[in-house]
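Trainee: I have just opened this one and would like a guided tour. Could we go through it together?

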Amino acid sequence: MRRQAQAVVLMLLGGAVLRTSLTDAYLRYVKEGLRPFLIAAGVALIAIAVATLYYELRARRAPHGHDHPEPKVSWLMLLPVVGLLLVAPGALGAYAADSTGTALGAWDEESDYSPLPDGDPAEIGVLDYASRAIFDEGRSMEGRRVKLTGFITRGEDGTVFLTRMILSCCAADARPIKVGIEGASADGMADDTWVAVVGTYSPAMVRDPINNERIPFIAAESLERVGTPAKQYE
């Protein structure tokens, strides 16, 4: 491609990165703390594109030899970049969770657990609940109600799980944390439906058929639909 076309591609790509990072859409792909780096990258790409166009247009005013036109098919390279601007893929959900074993086994089972936050119920993350349920056997949650938020997934036997994807850096390394729901019905709720569950610790446990890791349960008092949160990953 000519340099002008390369500059256009860079500008569109930088615009796509900026558009994503200046809204909550970037949380579908990377951790919250990476936002400044995304903004800096988008600005840098646009600056390089502008500089390339400036120097290329200035050079064209000077005498030069015969130019050989590049094949027009090379402009098809713009299509995926335009796609980034027009279409924002959603965050990973039930399909990714169903094909990946729970990641709970990656956490240290000797960790000490601080008291639950104030409030009744105490709002905690799915990973926090699962860790306390498996490695602390629920002792740090004794006598307390908790509230968890996640999306619905189902096992091959129909068991309903509250699931949340966790990531270390970006969506490429996202893994699911699953908590079984007992005592409340999810009939009529499709996979990927976001719900809030209020309940207490349950000693029930099953093994994930994908990687044989333990999956804890929560004794649910209530289960209700909620809107999709802006920050979908833990």
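Trainee: Taking residues at least 6 apart in sequence, what share of the contacts in the protein joins residues at least 24 apart?

Mentor: Contact here means heavy atoms within 4.5 Å. Keep in mind that this is a predicted model, where local features need pLDDT of at least 70, side-chain atom pairs count only at pLDDT 80 or more, and totals for chains, interfaces and linings use all residues. Residues are numbered from 1 along each chain as its sequence is written, and side-chain values use heavy atoms, with hydrogens and water left out. Among contacts between residues at least 6 apart, the share joining residues at least 24 apart is 69%.

Trainee: Why is helix 5 described as largely enclosed by the rest of the structure?

Mentor: Buried means under 20% relative accessible area, exposed over 50%, and partly exposed in between, with a 1.4 Å probe and protein chains only. Among the buried residues of helix 5 (residues 126-135) are Y129, R132 and F135. They pack against strand 2 (146-154), strand 3, strand 4, strand 5 (194-207) and strand 6. Helix 5 is largely enclosed because the number of its 10 residues that are buried is 9.

Trainee: Which residue just after helix 5 takes a positive phi?

Mentor: Look just past the end of helix 5, where phi is about 50°. The residue there is E137.

Trainee: Which residue of strand 6 is the bridge partner of I181?

Mentor: Two strands pair if DSSP finds at least two bridges between them. Strand 4 (residues 175-182), with 6 of its 8 residues buried, runs antiparallel to strand 3 (residues 160-166), joined by 6 bridges. With strand 6 (residues 214-225), strand 4 pairs in the parallel sense over 3 bridges. There, the partner of I181 is I218.

Trainee: And helix 2, what is its reach from first C-alpha to last?

Mentor: Helix 2 (residues 35-60) has 26 residues, and its buried residues G42, L45, A49, T52 and E56 are covered in part by helix 1 (3-21). The expected span is 1.5 Å times one less than the number of residues. That expectation is 38 Å, and the helix comes close to it, reaching 38 Å.

Technical notes. Helix = DSSP H or I, 4+ residues; strand = E, 2+ residues; numbered from the N terminus.
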